[in-house]
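Some words used for protein structures rest on a cut-off.

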Protein chains: 2
Amino acid sequence: MSTVTKALELLNYFSSETPELGLSEFARAAARDKATVYRHLSALEKSGFIEKNPRTSHYRLGPAVLPLSRLREATVPRAVSVKQPLAILAQTTGETAHASLLQGAKLVTLARQTSQAHSTGVVVNEKTLPLHASGSGLAVLAFSGDTLRQQSYAPLARFTEHTVTTPQDLEERLTNTRKTGFGIANQTFETGVHGIGAPVFDDSGTVAGAIAVAAPAYRINARLDHTIKSQLIIAARSITAHWGGRVPTKLDDVWDEHSKAASEIGANE
Amino acid sequence: MSTVTKALELLNYFSSETPELGLSEFARAAARDKATVYRHLSALEKSGFIEKNPRTSHYRLGPAVLPLSRLREATVPRAVSVKQPLAILAQTTGETAHASLLQGAKLVTLARQTSQAHSTGVVVNEKTLPLHASGSGLAVLAFSGDTLRQQSYAPLARFTEHTVTTPQDLEERLTNTRKTGFGIANQTFETGVHGIGAPVFDDSGTVAGAIAVAAPAYRINARLDHTIKSQLIIAARSITAHWGGRVPTKLDDVWDEHSKAASEIGANE
């Protein structure tokens with residue numbers, strides 16, 4: 001590993017739990033000797049990437065990091081960074097892929113991509129997706145905090161005969177979403193449409209939105225279901241990385257299990 | 001300069017004008033040989049601080065920069081990073097210092113610091129400051145875009161007999177603010193109060209707020225005026241650096257001139 005990589009790696013030890021660290025803590029965390037770590041910290045300090053808290057003498061992030069994220073956001077806006085994953089998703093599944101962003105308590109459509117594979121497909125025209133009735137909504141609800149979930153209870157609007165309309169039923173779906181790592185909307189938002197959604201995380205550490213594939217319900221079978229889910233995992237991980245986020249370890253494990261199971265099914269067929 | 005410092009320096013070449021750069025451009029800008037620059041860029045790329053745009057093959061900022069500024073903001077919020085400069089400002093001037101933040105078209109008080117130097121002083125109780133009638137407001141208006149200025153025209157409320165109430169008079173004050181680098185509110189907001197404000201910039205490249213000193217008008221003389229202005233320059237530069245911003249070159253030059261003039265006056269007295 002180069003000196004630069006090693007020095008930059010030290011920045012990863014800052015978190016909302018440990019916003020400040022001393023030299024010894026850095027040395028311990030990185031398992032390197034104090035002299036080397038001190039040299040790296042001094043270089044980071046000189047560049048303004050870290051600074052010493054004058055009160056505690058511990059290191060914290062410096063002002064030089066502030067302009068970077070705004071510039072990155074301007075260069076690669078979220079809507080742009082979902083384009084390629086959505087294109088791949090539509091191509092590999094042959095169905096309609098779409099991404100959405102959580103804004104307050106609303107799930108707003110960010111981008112969509114149809115496929116040319118079939119003469120029929122789902123058209124996603126909705127500007128906002130219902131949290132309790134869409135695959136994306138369930139994915140977001142299941143992995144976000146209690147506040148949002150309680151807000152979503154209020155009026156559980158009925159869209160089809162399959163829409164979940166009681167908090168109890170919704171909780172059940174969310175438990176299942178957490179267990180499988182996917183939000184499933186089998187004709188709960190629109191009759192004839194089967195949606196599967198996966199959550200996407202950003203640098204805030206919380207769920208930021210979702211990506212999903214929507215297919216005509218009659219086309220869904222075990223193979224397509226597995227293809228969609230496998231591709232969603234790839235896309236959700238890719239977009240999360242682009243957005244500077246991190247998939248929670250628990251969900252990462254659940255998805256790893258799915259990928260293994262999926263590859264076995266693929267091998268058996 | 002260490003390898004780490006040199007590598008991190010390369011990040012400074014990204015700007016909203018040049019969000020992407022190629023290897024040759026980096027080498028030219030840094031005046032270093034391509035092989036060295038390439039090694040640094042590779043290390044930055046490995047850490048996710050930069051990435052290649054797959055379409056152009058040029059480098060742009062990477063997703064690793066995204067979580068840093070949010071964490072810095074959480075660790076050292078703006079209100080905290082103005083505390084020390086305000087304390088120094090109140091102590092060196094013997095008057096009340098306060099900082100404000102531009103939120104939309106409103107200038108909101110962020111923090112204030114009174115001084116023990118006199119038995120009387122200005123109490124800043126306002127939660128929002130009028131853009132056209134306060135030293136802070138003039139400082140912000142003079143260095144921000146046309147949109148904000150046009151919004152501020154609408155109703156130029158009269159607070160005292162000295163308040164500027166016509167767009168023409170306001171424009172004149174703003175021209176003067178740009179020329180001197182300070183917004184002056186000589187009893188335009190409150191009778192008997194003389195306010196002097198300086199703009200503060202953040203990583204957005206635009207003015208983000210202001211810091212100001214408010215003194216009883218009868219205490220203002222040439223010496224106090226110069227002390228306040230000299231200390232405001234120091235505080236404005238310090239807070240701007242803390243907020244990841246940059247003072248525009250033009251204003252920097254104006255302030256440099258003031259500091260020189262101020263030190264001459266100090267020497268003569």
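**From values to words**

A31(A) lies in the loop between α2 (23–30) and α3 of chain A. The model is a predicted one.

Q: What makes the phi of A31(A) worth noting, although A31(A) is not a glycine?
A: Most residues other than glycine have a negative phi. A31(A), which is not a glycine, has a positive phi of about 55°. In chain B, Q187(B) is likewise not a glycine and has a positive phi of about 60°, and Q187(B) lies in the loop between β6 (183–186) and β7 (193–201) of that chain.

Q: Why is A31(A) called exposed?
A: The word exposed is kept for a relative accessible area over 50%. A31(A) has 69% relative accessibility, and therefore A31(A) counts as exposed.

Q: Why are α1(A) and α3(A) called roughly perpendicular to each other?
A: Helix α1 (residues 3–10) and helix α3 (residues 34–46) of chain A pack at an angle of about 80°, with their axes 9 Å apart. Angles from 65 to 115 degrees count as roughly perpendicular, and α1(A) and α3(A) are therefore given that name. Where they meet, T3(A), K6(A), A7(A), L8(A) and L10(A) come from α1(A), while V37(A), H40(A), L41(A) and L44(A) come from α3(A). Sorted by class, this contact has 6 nonpolar, 2 polar and 1 charged residues.

Q: What makes α7(B) roughly perpendicular to α9(B)?
A: The axes of helix α7 (residues 135–142) and helix α9 (residues 167–180) of chain B come within 9 Å and cross at roughly 80°. This angle falls within 65 to 115 degrees, so α7(B) is roughly perpendicular to α9(B). On the side of α7(B) the contact is made by L138(B), A139(B), L141(B) and A142(B), and on the side of α9(B) by L170(B), R173(B), L174(B), T177(B) and R178(B). These residues divide into 6 nonpolar, 1 polar and 2 charged.

Q: How do you know that the two copies are related as by a two-fold rotation axis?
A: Chain A is superposed on chain B by a rotation of 180° with 0.0 Å of shift along its axis, at an RMSD of 0.1 Å. The two copies are thus related as by a two-fold rotation axis. In chain A, the C-alpha nearest this axis is that of V4(A), 2.5 Å from it.

Q: Why is the pair of Y13(B) and F26(B) called edge-to-face?
A: The ring centres of Y13(B) and F26(B) are 6.4 Å apart and their planes stand at 70°, so the pair is edge-to-face, the name for planes over 60 degrees apart. Y13(B) lies in the loop between α1 (3–9) and α2 (23–30) of chain B and F26(B) in helix α2, so the pair ties together parts that are 13 residues apart in sequence.

Q: Is Y13(B) buried, exposed or partly exposed?
A: Y13(B) has a relative accessible area of 26%, and therefore counts as partly exposed, which is the class between 20% and 50%.

Technical notes: Residues are numbered from 1 along each chain as its sequence is written. Chains are lettered from A and ligands numbered from 1 in the order in which they are written. This is a predicted model: local features need pLDDT of at least 70, side-chain atom pairs count only at pLDDT 80 or more; totals for chains, interfaces and linings use all residues. Side-chain values use heavy atoms; hydrogens and water are left out. Axes are lines fitted to C-alpha atoms, for helices over the stretch in contact, and angles run from 0 to 180 degrees between N-to-C directions. Helices (H or I, at least four residues) and strands (E, at least two) are DSSP runs, numbered from the N terminus. Angles under 35 degrees count as roughly parallel, over 145 as roughly antiparallel, 65 to 115 as roughly perpendicular and the rest as oblique. Contact means heavy atoms within 4.5 Å. Ala, Val, Leu, Ile, Met, Phe, Trp, Tyr, Cys and Pro count as nonpolar, Asp, Glu, Lys and Arg as charged, and the others, Gly among them, as polar. Copies are superposed by least squares on the C-alpha atoms of residues with pLDDT of at least 70 in both. Rings of Phe, Tyr and Trp (its six-membered ring) pair if their centres lie within 6.5 Å; planes under 30 degrees apart count as stacked, over 60 as edge-to-face and the rest as tilted. Buried means under 20% relative accessible area, exposed over 50%, partly exposed in between (1.4 Å probe, protein chains only).
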